[in-house]
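Please consult the sequence and the structure shown below while reading.

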Amino acid sequence: MTSLGHAQGTDFSGPPALGGAKRGTRVLVLGAGLSGMLAAYELRKAGYAVTILEFQNRSGGRNITLRGGDTVTEMGGATQKVGFSSGNYLNPGPWRIPYHHQGLLHYCKAFGVQLEPFIQINQNSWLHSKSQFGGKPVRYREFNSDFNGFTAELLAKAVDQHKLDDVLTPDERAHVREAMRDWGGLTPNMRYEKSVPSSLHRGYEKARGGGLSGIPELSQPFDPADIWKSGFWRWMEFHETVDMQTTMFQPVGGMDQIGKAFTRQVQDLIHLNCKVTAIQQSESGVTVTYNDGKQGGAVQQAQADFCVCTLPLSILSQLDVQVSDDLKAAISAVPYASSVKIGLEFRRRFWEEDEQIYGGISFTDQSIGQISYPSHGIFSPGPAVLLGAYMFRAPAYELAGMSPQQRIEQALAQGEAIHPQYRKEFLNGVSFAWSRVPWTMGCCSLWSEQSRKMHYKTLCTMDKRIVLAGEHASYVGCWQEGAILSALDAVKQLHRRAKGAA
């Protein structure tokens with residue numbers, strides 16, 4: 001996300017003040033995801049007459065949660081029935097909310113969505129590579145401590161050898177040396193080695209206890225050469241980007257609690273099973289042609305004064321849309337990322353009971369990419385679901401080309417390298433390949449720096465009576481916050497245009 005320009009705070013400053021609207025002005029909103037429902041909510045508050053057309057038989061868009069009894073049908077016809085136990089779930093789309101996504105957090109509070117902490121980083125989770133450390137996983141805290149410790153020792157040596165005299169004053173050298181000793185867990189002679197300071201950071205070989213048997217045993221750091229060449233520091237850096245920093249949140253009971261809360265605000269405006277096929281506009285209004293699934297696919301038309309279109313660009317680019325050539329080019333310029341998530345249900349929370357991992361993420365260089373442990377239900381008995389794979393790009397396309405059961409087998413086979421309990425404890429699973437989802441054909445927009453320079457402003461600017469919204473029309477792409485902020489900007493543009501046309 002950082003490389004795509006998404007790792008940054010957001011600029012939410014509060015709900016829009018849409019005063020002076022001409023009552024009864026009609027607006028069609030295409031898509032009942034968060035951006036579409038929020039646009040409809042704010043426009044109706046201002047006095048507009050709003051209608052929402054949604055392709056699916058549900059609202060919420062990519063804000064979705066899978067529970068036992070749900071069915072997932074992919075392009076190509078592969079169908080899975082989710083077998084999770086009651087109370088267990090998988091969020092195949094968005095699954096966490098950064099603290100600075102204040103737009104989304106504002107509406108969660110306003111609409112009564114109960115949130116709880118999402119545990120993003122866990123020092124006791126695992127880091128794994130097929131080719132490093134003998135193919136065995138290592139604890140995040142051990143690697144993190146050793147990386148920091150050896151780095152601190154190198155910097156302390158540079159200070160002591162006066163290699164930094166040109167950039168540090170004598171007083172600064174003393175402070176830097178002290179900081180490196182404490183931060184890196186160095187010994188008094190400024191070495192990172194098997195010692196009390198290093199074991200206090202990375203953990204003891206034999207844990208501290210009580211009584212006669214409570215004497216701990218110090219742990220041996222890894223070879224520094226193995227630390228540098230492993231590349232595991234990339235996973236440490238993952239948690240340092242602003243979008244991945246704590247504190248993070250999740251809705252109690254599943255991410256779709258947000259979609260359901262938004263739906264409650266505008267439910268009477270939503271028309272489901274409406275497949276948009278064309279969007280036309282004139283000097284006086286907008287006409288949308290769609291197939292009405294509730295009427296056997298009958299061709300219908302809806303007319304309005306203005307339109308907020310929140311359809312994913314991957315879908316919109318295939319439709320007959322009457323907008324400027326520049327906007328058409330912008331719509332077609334943005335590909336969508338492929339992503340696969342796999343939820344695995346196990347008989348017990350072995351990651352907690354056997355390995356003391358409570359929430360957080362383990363990383364591997366295998367195709368599955370990540371294993372994320374549930375932040376809810378900690379210490380609960382009985383079955384639990386963990387995210388057994390989360391991947392983008394080439395690995396995602398590779399797994400998307402497999403059958404759902406083959407993907408689950410891959411997740412089990414690769415996950416065993418980190419958790420040998422997998423096979424014994426496995427109950428069932430479900431895979432979700434976003435490139436095979438017919439209503440979005442990808443998980444989110446994939447802007448490049450060049451395409452943003454060429455097309456972003458055009459994409460976000462109202463074209464006569466049509467304005468686009470969605471995570472693709474933001475710099476917070478692939479996040480729900482992007483959908484929120486783009487919707488607010490879109491309704492402001494529409495409101496200004498409507499007042500000017502009145």
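In which hand does α3 pass α4? The crossing of α3 with α4 is left-handed, a term used when the near helix is turned anticlockwise from the far one by less than a right angle, clockwise being right-handed.

The model is predicted, with local features requiring pLDDT of at least 70 and side-chain atom pairs pLDDT 80 or more, whereas totals for chains, interfaces and linings use all residues. Residues are numbered from 1 along each chain as its sequence is written, and side-chain values use heavy atoms, without hydrogens and water. Helices (H or I, at least four residues) and strands (E, at least two) are DSSP runs numbered from the N terminus.

**Annotated span**

- UniProt, in an unreviewed entry, places the feature "domain: Amine oxidase" at residues 34–494; such annotations may be inferred rather than shown by experiment.
- Residues 34–494 are 34% helix and 22% strand, and the end C-alpha atoms of the span lie 18 Å apart.

**Helix α3 with helix α4**

- Helix α3 (residues 140–160) packs against helix α4 (residues 170–184) at about 160°, the axes being 9 Å apart; axes are lines fitted to C-alpha atoms, for helices over the stretch in contact, and angles run from 0 to 180 degrees between N-to-C directions.
- The two helices α3 and α4 are therefore roughly antiparallel (angles over 145 degrees; under 35 is roughly parallel, 65 to 115 roughly perpendicular and the rest oblique).
- On the α3 side, the contact (heavy atoms within 4.5 Å) includes Leu155, Ala156 and Val159, and on the α4 side it includes Val176, Met180 and Trp183.
- Seven nonpolar, four polar and three charged residues make up the contact of α3 with α4; Ala, Val, Leu, Ile, Met, Phe, Trp, Tyr, Cys and Pro count as nonpolar, Asp, Glu, Lys and Arg as charged, and the others, Gly among them, as polar.

**Helix α10 with helix α15**

- The axes of helix α10 (residues 325–332) and helix α15 (residues 449–460) come within 8 Å and cross at roughly 115°, so α10 and α15 are roughly perpendicular to each other.
- This crossing of α10 and α15 is left-handed.
- From α10, Asp326, Leu327, Ala329, Ala330 and Ile331 meet His455, Thr458 and Leu459 of α15.
- Five nonpolar, two polar and one charged residue form the contact of α10 with α15.

**Five-stranded sheet**

- Five strands form an open sheet in the order β12-β2-β1-β16-β25 with parallel pairing; two strands pair if DSSP finds at least two bridges between them.
- β12 (270–271) and β25 (466–468) each have a single partner strand, so one side of each is left without a neighbour in the sheet.
- Strand β1 (residues 26–30) runs parallel to strand β16 (residues 306–309), joined by four bridges, and Leu28 stands opposite Cys307 in β16.
- Helix α1 (residues 34–46) packs on this sheet, touching β1, β2 (49–53), β12 and β16, and its direction makes about 165° with that of β2.

**Four-stranded sheet**

- A second open sheet has the order β15-β14-β13-β17 and mixed pairing, with β15 (298–304) and β17 (320–321) as edge strands.
- Strand β14 (residues 286–292) and β15 run antiparallel and are joined by seven bridges; Thr289 has Gln301 of β15 as its bridge partner.
- Strand β13 (residues 274–281) pairs with β14 in the antiparallel sense over seven bridges, and a hairpin of four residues joins β13 to β14.
- The pairing of β13 with β17 is parallel, over two bridges, with Ile279 opposite Val321 in β17.
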